[in-house]
Amino acid sequence: MGELMVEKHVKYILAVEKRKDDFESVVMEHLRLNGAYWGLTTLDIMGKLAAVEQDEVISWVMQCQHESGGFGGNIGHDPHVPCTFLFDLCITSMNSAAMLAFTHFPILTSQNKKHGQTSIKSTHHKRWHSRHWQCVLLRNLGVAVVSLTFQPDIAALQNEDGSFSGDIWGEVDARFSYIAILSLALMHQLDKVDVGKAVKYILSCKNVDGGFGCTPGAESHAGQIFCCVAALAITGSLHHVCYSWWVLSSLIMIDRVHWIDKGKLVKFILDCQDKENGGISDRPDDAVDVFHTYFGVAGLSLLEYPGMKPIDPAYALPVDVVNRVILGR
Amino acid sequence: MGEPGPLELLNQLEGILESDPLIDEIGFIHPSQFAALNEDIGTPSTSVGSVPKSSFETIFWARDHKLGISTRVLFPLYVAAKNAFVDAYKSYKVHRSIYNERDDKNASTCPSSSPLRLESELMKHSRALLLLSSDFGSAWNSRKLVLSKKQSLSMFMNELIFSAAVLSHSPKSEQTWSQRRWVIKMIAGNCSNLQEIMERESELVKKLAERSKMNYRAWNHRCWLVSYMSGEQVLQEFDKSRHWAVLHVADNSCFHYRARLMLRLFEESQHNKDRDASFDPELHELLKEEFNWVEKLIKRYVGREALWLHRRFLLTCWIRYFACGDDDRSLPSNQRNIKTVDIDMLIDNELELFRSCTNVPDSDFEDHKAQATFAATYMMWLKKQLSMTLSIDIQKLETSRLKSVLTNAYPEKSFLWNSLLELCEST
């Protein structure tokens, strides 16, 4: 079996970041924040976060913020819940003192208003201080329907049935529930939404095949299963034995049960590497991309491949970051 | 003869889009394909600005409402379209906020020509950009802003035409499907031909699903349409989709669509009738036909998981809508309520299916191994389902039998099989 080409992957991720001169890279620009999260987390898991210029990343990420408070996928793009969440993740996975202060900012403001001020450069700076902490939360959640009108009403982020909308245009998806719950959990603000209803909605997306769909009655999808199971895990609703039933059945459904054989899966991931230029693809000999590089490395981390930082499967962040932010360790 | 610059390219593209609002298919084509295309049917093309017409002949190809764009110009074209869009969006938003403020005080002070121009600029540039980058969410949002302000039915209808053209090139674009749902939500309340629109939407999904396999988003859209369909339409869709399902037995999405349609019929039936008399002979027949049909497919197309999953759904329908509890079961069968399905017969039927799918002498073929696995996990599921919902224990089915089927098929997964069976037994 080969080994993980860590240095090549670092080089690949840094190069992808800079690529802006062909159609294939610019046409993905609305996903640049996603790319930043994938790239940064991958580097962090491999213990190579120092390879990026943190100030540069931070200043770019901050520019993705929309005047409503939410974040877009790149500078000048409309805000959307997934992007705001990715912002949270990017910021959370960065290691600098300033970033930590920033991450903790919403929490700190509710307790103590001294911290975090220096890291916020935008004109919204003042608003952060003039409004009470709910507004901070709204800004970070990026649900423009509330932040546009600036009603400090957390419940309005959520729909009546417990689901969450992606933006002011109202598309509902269980993935947004996961994202909202995760963002709130990272900011210690889960008690500000109706978690019971949110969980109930997620459970209503379950199907007889054991999987979850994006809305009640929608077809099961592996990505949705991850989001729903992770959201249940974060809210502490994943205690019943039947959940392990679903998870296992889901694995059967997507025919990846053999992946439970750790050795085979590690080999499969390593075979997907581009050993010349770095990067990991979806299957051996396909074209690499930063998305699958992240999944490959995160997968190796879950499989306890030597030298990898452990990653938390529900938060999709390195365990030490989750400990630092959620548990304050 | 000079190569056209980015702005000229954009002008040309926007000119083509303007001149033919009915374009229904787009594609990015390699420069080498142009010659063949032009050879086929002469050379159409209109010239724009100072660039001679012939310069564009190998860049854009437009005919019969089809548009081809050379891959050679995608990058400069995208950059020009994006910049134009960003500027237009900015001006529009600035103007809108001024307009809104003025509107509060005195609406008549605002000149009417300027907002119109800004709107049309925004629509024009976002259209060009979205053809090149279908998931550019901000561009779709900008169009929603304009459309929701205009509230013009014809503009909404044009948006359906335009987004269909985008889907012809990017059939899995989430943002584009989402835009269609938004448009339909906007017009659903006040258009007379909603049923016709539903029919066209459904056809569109069918067409695109044929071209792009495993298209979750397209099918999800079709399922979403169901709640807007008339009862009659639901039945028609149910009939029409059967053929597609037979031709694509490995594609779970179409079976899921059928399940969605059936659920709608059941919901409606329960809603319309007195609960006590909820037995609906037509629905009973429909469910029975589907159940038998899937059984035939399972036996004919060996090792297709989608079929087994569909059977699970149908079985939950039997239990939920037609099964009786313990009280009824104690009665002799001729005295039982007509709405009830004979659970004992059903169980026997499933046991027989299980036997026929697992008693394969030559099980070296992957398909047969898969079939045995699906049959066993299906029975495992059924056992648990019946014990949870009706407190019925399938005594004739021993877990040891399931275990031997599973481990025979895939001995390397014995850890998984053991965990599953443990879960199955713990209630």
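Predicted model: local features only at pLDDT ≥ 70, side-chain atom pairs only at ≥ 80, totals over all residues.
Some housekeeping before the structure: local features need pLDDT of at least 70, side-chain atom pairs count only at pLDDT 80 or more, and totals for chains, interfaces and linings use all residues. Residues are numbered from 1 along each chain as its sequence is written, while chains are lettered from A and ligands numbered from 1 in the order in which they are written.

Let's start with chain A. Its secondary structure comes to 17 helices and two strands; helices here are DSSP runs of H or I with at least four residues, strands are E runs of at least two, and both are numbered from the N terminus. Of the 329 residues in chain A, 48% are buried. Buried means that 20 or more other C-beta atoms lie within 10 Å of the residue's own, exposed means 12 or fewer, and partly exposed is in between, with C-beta atoms placed from the backbone. Among the chain A contacts with a separation of 6 or more, 59% join residues 24 or more positions apart. A contact, by the way, is two C-beta atoms, placed from the backbone, within 7 Å.

Now, where do the two chains meet? Chain B brings 35 residues to the contact and chain A brings 26. On the chain B side, the elements giving two or more residues include α3 (74-105), α11 (252-272) and α18 (414-425) of chain B. That side has 17 nonpolar, 13 polar and five charged residues. For the classes, Ala, Val, Leu, Ile, Met, Phe, Trp, Tyr, Cys and Pro count as nonpolar, Asp, Glu, Lys and Arg as charged, and the others, Gly among them, as polar.

Next, the cores. A nonpolar core is a set of buried Ala, Val, Leu, Ile, Met, Phe, Trp, Tyr and Cys residues joined through C-beta atoms within 7 Å. The largest has 148 residues, and A:I181, A:I202, A:C228, B:L77 and B:A81 touch the most other members. Leaving out residues up to four places away in sequence, A:C228 touches A:A174, A:Y178, A:I202, A:C205 and A:F212. There is also a second, separate core of five residues, including A:I168, A:W169, B:W182 and B:V183.

On to the sheet in chain B. Which order do its three strands take? The open sheet runs β1-β3-β2, with mixed pairing. β1 and β2 of chain B are the edge strands, each pairing on one side only. Two strands pair if DSSP finds at least two bridges between them. β1 (residues 25-29) and β3 (residues 66-70) of chain B are parallel over five bridges, with B:I26 bridged to B:L67. β2 (residues 60-63) of chain B is antiparallel to β3(B) over four bridges, and B:A62 has B:L67 as its bridge partner. β2(B) and β3(B) make a hairpin with two residues between them, and B:D64 in the turn has a positive phi of about 50 degrees.

Last stop: B:F354, in helix α15 (residues 343-358) of chain B. Why does B:F354 count as buried? Because it has 20 C-beta neighbours inside 10 Å. B:F354 touches B:A375 and B:M379, not counting residues up to four places away in sequence. Its C-alpha atom is 9.4 Å from that of B:F374, 20 residues apart along the chain.
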